[in-house]
Amino acid sequence: MARPGDTLQLGKDKLTFLTTASQTKGAFVEVEVEYAPTVLKPPVHYHPKQTEVMQVHGGRITLQLDGVEHEYTEGAEFYIPPGVPHSMWNPGPETTRMVWRTTPAYQTEKVFETLWGLANEGRLSASGPALQMPLLALGFRDEYRVITGRPFALDMALCTLLAPIGLACGYRPSYKPPQPHRSEPVRANA
């Protein structure tokens, strides 16, 4: 569970939780992100029931919203309505800094922790394990849906068929960082 001040790192990108879902009773979650310049665009996706509001505090960001590209610079504020396909990236040359609010919160904290954690371990790359993706698609279908070109119902049917295989292979629908191994056994109080 995220706490204010918790930080996720992915390469040169950084996400810091400012306000958590538990603080707002699920009304919203707010993070600060720092994006390094990139040449790869993230996948086009949408959030079926959530609104995102972004405030650019430094640098610039390109937003592809429903197929149209927009560019925002420091001081700009924009929002992404529920159900609208989008992608955003830093076109460079400097780091982009934004505050990002997602309303309502749902499992957005867990989405960030899972996607950033798996990506850090190289498990979300194009060559990564295909059986991880159905579990993520099912587990976070209310928060995050990647545009595949297929009807959503077909995607969910395929994911439902593949999920048991993914679970049997050891994949999970959310991310837990590896736990350090203790060098000595834990002793119970007598």
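I began with Ile-165, which is partly exposed, with a relative accessible area of 43%; on this scale buried means under 20% relative accessible area, exposed over 50%, and partly exposed in between, with a 1.4 Å probe and protein chains only. The model is predicted, and I kept in mind that local features need pLDDT of at least 70 and side-chain atom pairs pLDDT 80 or more, while totals for chains, interfaces and linings use all residues. Residues are numbered from 1 along each chain as its sequence is written, and side-chain values use heavy atoms, with hydrogens and water left out.

I placed Ile-165 in helix 3, residues 152–168; helices (H or I, at least four residues) and strands (E, at least two) are DSSP runs numbered from the N terminus. Together with Leu-154, Leu-158, Leu-161 and Leu-162, Ile-165 makes a nonpolar surface patch of about 440 Å². Patches are made of residues with over 30% relative accessible area and no salt bridge, nonpolar side chains being joined within 5 Å and like charges within 9 Å. A salt bridge here is a side-chain nitrogen of Lys or Arg within 4 Å of a carboxyl oxygen of Asp or Glu, and the areas come from the Shrake-Rupley method with a 1.4 Å probe.

**Strand 9**

I then looked at strand 9, residues 86–89, and found both of its faces covered, with His-86 and Met-88 buried on one side and Ser-87 and Trp-89 buried on the other. In a regular strand the side chains alternate between the two faces of the sheet. Strand 6, residues 60–65, runs antiparallel to strand 9 and is joined to it by 4 bridges, where two strands pair if DSSP finds at least two bridges between them. I traced Thr-62 to its bridge partner in strand 9, which is Trp-89.

**Loops around strand 10**

In the loop between strand 9 and strand 10 (96–103) I found Pro-93, which is joined to Gly-92 by a cis peptide bond with omega about 5°. A cis peptide bond also runs from Thr-103 to Pro-104, with omega near -15°, and Pro-104 lies in the loop between strand 10 and helix 1 (108–120).

Tyr-106 is found in the loop between strand 10 and helix 1, and although Tyr-106 is not a glycine, its phi is positive, near 45°. I noted Tyr-106 as partly exposed, at 42% relative accessibility.

My last entry is Asp-66, in the loop between strand 6 and strand 7 (68–73). Asp-66 has a positive phi of about 55° without being a glycine, and I recorded Asp-66 as exposed, with a relative accessible area of 55%.
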